[in-house]
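This report looks at charged side chains and how they pair. Please keep the sequence and the model in view while reading.

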Amino acid sequence: RAAANLLLAFAAQWQDLEQLMPPQGEDKVVDSALDPAKPNYSKDKPTLYRERHGWCPYSERSWLALEHLNVPYDTIRIDNTGPGQKPSYFSGQTPQMRWPEGNTQGESMDLVLEVNERFGGDLYPSADVTATADEFRKIFPSKSRPSSRAAFLFGWSGEPLWKSEFERVLSETDELLGSTDGPFFCGESFTAADIAWAPFLERYSAQLPCLHEGLNARDGTKYPHLNSWFTAMETSVPAYACRVQGNPSSWRKVLTMAGFGNAGVPPDVIDRMDDFNVEEARPQSEEERVIEQKLWDDYRSTRSWLALTPSAEAGKTLLNNRQAIVKDTVKRSSSLEGKGIPLDEKNLDRAMRALATILIYGTEDDGKYDELKQAYSEAANVNGVYALAKFLDERMCVPRDMGSMSAAAIKRIAALA
């Protein structure tokens with residue numbers, strides 16, 4: 001295999017790693033905060049305007065529909081919630097879709113329906129799908145303060161909603177799921193109804209335990225049908241599990257940010273976040289690894305530009321963005337003193353190459369790359385590699401930077417720091 005000819009990790013150059021990666025995909029992703037120039041729109045495929053950081057749950061709906069149906073599309077990320085300015089060619093809220101014929105459309109579920117109709121999708125097999133999607137508005141809290149970063153969590157006072165209100169939402173959602181013949185909102189198959197609910201339930205599963213003691217959307221005893229839905233989404237919907245789903249760390253991170261619907265950091269949030277982060281960074285079991293790789297193989301089968309494994313895809317992302325990462329790290333050098341990260345560009349680059357090597361070829365104990373154990377060992381001993389992984393884990397925003405599976409590979413390495 002090509003990997004067998006790789007130089008030992010301490011000597012591996014970026015071009016050595018690049019040779020082992022698949023070619024880049026044709027779909028464009030433009031960050032309008034960094035590149036505000038008006039883009040050249042495709043005349044063959046839609047362009048999705050979505051919120052820049054991946055925080056907006058409504059943007060996630062449209063994104064998931066495109067990914068699930070494997071529609072070729074371009075992306076323009078809009079700074080819709082941060083301090084940056086929107087580009088001059090964009091107005092309104094995200095998500096929006098610019099269709100190849102030049103017209104623009106908004107409203108998340110309208111976009112899901114239009115994507116389904118244009119591309120022959122299977123997201124609306126019956127009239128029940130729309131009705132079940134609409135139940136979301138009836139069940140989720142009606143008196144919460146609007147927020148893209150922390151939707152349906154806080155009241156107008158800035159304090160979290162009452163625990164009893166969250167329990168009502170979870171119980172009614174569990175009851176709705178229990179009325180079907182399968183794990184999804186409309187039975188055995190993933191539909192647009194799941195797309196309508198997924199971004200919000202995903203965030204609730206990570207955020208609610210931080211707001212109130214003993215509040216867990218994944219409690220299989222209290223909410224068995226909801227717990228089964230989470231499992232089904234994460235084990236049988238490849239586009240969701242491999243790319244669109246955020247990770248709990250990112251959703252909990254926004255709880256510490258001011259100005260998004262709360263009055264500061266809610267009581268006990270930091271301590272609870274630390275506890276959950278430890279669980280998130282634990283090593284994978286062999287069973288978990290097999291399930292993850294099966295999903296990845298399915299997702300990758302129609303996306304030739306993806307790396308062979310979720311971990312290797314994280315390495316590829318590091319490789320493709322290495323200049324920006326070096327710049328960002330050096331910019332923060334004063335706050336990183338004493339944390340084990342090389343702060344001169346030469347050794348920082350070396351640590352980054354070592355981390356990319358570990359991600360691309362797997363860890364020493366995963367049993368997949370026996371002939372490269374020496375390369376892994378060399379990379380693992382490069383000064384600052386684990387500290388760098390920890391820094392990137394803390395800086396990362398998922399799913400903006402990569403999918404949750406790939407991000408988890410970095411998190412597990414960071415736990416060794």
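Asp349 and Arg353 both belong to helix α15 (residues 345-361), where they sit four residues apart, about one turn of the helix; helices here are DSSP runs of H or I with at least four residues, and strands are runs of E with at least two, numbered from the N terminus. The two side chains form a salt bridge whose closest N and O atoms are 2.9 Å apart, a salt bridge being a side-chain nitrogen of Lys or Arg within 4 Å of a carboxyl oxygen of Asp or Glu. Arg353 is buried at 8% relative accessible area, whereas Asp349 is partly exposed at 22% (buried means under 20%, exposed over 50%, partly exposed in between, with a 1.4 Å probe and protein chains only).

## How the model is read

This is a predicted model, in which local features need pLDDT of at least 70 and side-chain atom pairs count only at pLDDT 80 or more, while totals for chains, interfaces and linings use all residues. Residues are numbered from 1 along each chain as its sequence is written, and side-chain values use heavy atoms, leaving out hydrogens and water.

## Pairs across the chain

The whole structure holds 20 salt bridges. One of them joins Glu60 and Arg203, with the closest N and O atoms 2.9 Å apart; this pair links distant parts of the chain, since Glu60 lies in helix α2 and Arg203 in helix α6 (residues 192-211), 143 residues apart. Both Glu60 and Arg203 are buried.
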